[in-house]
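Thanks for coming. I have one structure to go through today, and I will keep it short.

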Amino acid sequence: MTAHKNYVRSLYKKALYTSLDWYPNRLQWRSIALQIRAEFEANRGETSPVRIQQLVRETEDVLKEYRHPLPYKYMTAPGGTKYERNKWFEDNMTCKF
């Protein structure tokens, strides 16, 4: 797989995750995800390198514009509400029988 295809794929994933930050309910988010997929599919057959670079730049700009100020984080992920919540207890537990 070429580097360009990998980059476009990563842009697609970033677009999905960015939209998921705005619509955490999967039922509401699904229609947005389908719209994003349709936009990427509409430009799939583009062969002009200049046009492709223009589309990539436009996509990057849109992602920067729609970035959420407080992106969703999973509870146990770094920065989440439960990240290392029990770390002190796990580190200081000693079982002496």
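**Tyr23 and the rest of the chain**

I will start with Tyr23, which counts as partly exposed because its relative accessibility is 35%. Tyr23 sits in the loop between H1 and H2. Keep in mind that this is a predicted model. In space, the C-alpha of Tyr23 is 9.7 Å from that of Tyr72, although 49 residues separate the two in sequence.

Tyr23 also belongs to a nonpolar surface patch, together with Trp22, Val62 and Tyr66. The area of that patch is about 410 Å². Tyr66 is in a loop as well, the one between helix H3 (49–65) and helix H4 (87–92). With a relative accessible area of 47%, Tyr66 is partly exposed.

Now the overall layout. The chain has 4 helices and 0 strands, and the order along the sequence is α-α-α-α. Of the 97 residues in the chain, 19% are buried.

How do H1 and H2 pack? Helix H1 covers residues 3–22 and helix H2 covers residues 26–42. Their axes are 9 Å apart, at an angle of about 155 degrees. Angles over 145 degrees count as roughly antiparallel, so that is the description for H1 and H2. The crossing of H1 and H2 is right-handed.

Next, H1 against H3. Here the axes come within 10 Å, and the crossing angle is roughly 25 degrees. The cut-off for roughly parallel is under 35 degrees, and H1 and H3 are therefore roughly parallel to each other. The crossing of H1 and H3 is left-handed.

Last topic: charges. Side chains of opposite charge can pair when their charged atoms come close. How many salt bridges does a search of the whole structure find? The count is 2.

Arg37 has a relative accessible area of 40% and is partly exposed.

Another salt bridge links Glu41 to Arg44, with an N to O distance of 3.3 Å. Through shared partners, the salt bridges connect Arg37, Glu41 and Arg44 in one network. Is Arg44 buried or exposed? Arg44 counts as exposed, at 64% relative accessibility, while Glu41 is partly exposed at 34%.

That is what I have for today.

Terms used: Residues are numbered from 1 along each chain as its sequence is written. This is a predicted model: local features need pLDDT of at least 70, side-chain atom pairs count only at pLDDT 80 or more; totals for chains, interfaces and linings use all residues. Side-chain values use heavy atoms; hydrogens and water are left out. Patches are made of residues with over 30% relative accessible area and no salt bridge: like charges are joined within 9 Å, nonpolar side chains (Val, Leu, Ile, Met, Phe, Trp, Tyr) within 5 Å. Accessible areas come from the Shrake-Rupley method with a 1.4 Å probe; for residues, only the protein chains shown count as cover. A salt bridge is a side-chain nitrogen of Lys or Arg within 4 Å of a carboxyl oxygen of Asp or Glu. Helices (H or I, at least four residues) and strands (E, at least two) are DSSP runs, numbered from the N terminus. Buried means under 20% relative accessible area, exposed over 50%, partly exposed in between (1.4 Å probe, protein chains only). Axes are lines fitted to C-alpha atoms, for helices over the stretch in contact, and angles run from 0 to 180 degrees between N-to-C directions. Angles under 35 degrees count as roughly parallel, over 145 as roughly antiparallel, 65 to 115 as roughly perpendicular and the rest as oblique. A crossing is left-handed if the near helix is turned anticlockwise from the far one by less than a right angle, and right-handed if clockwise.
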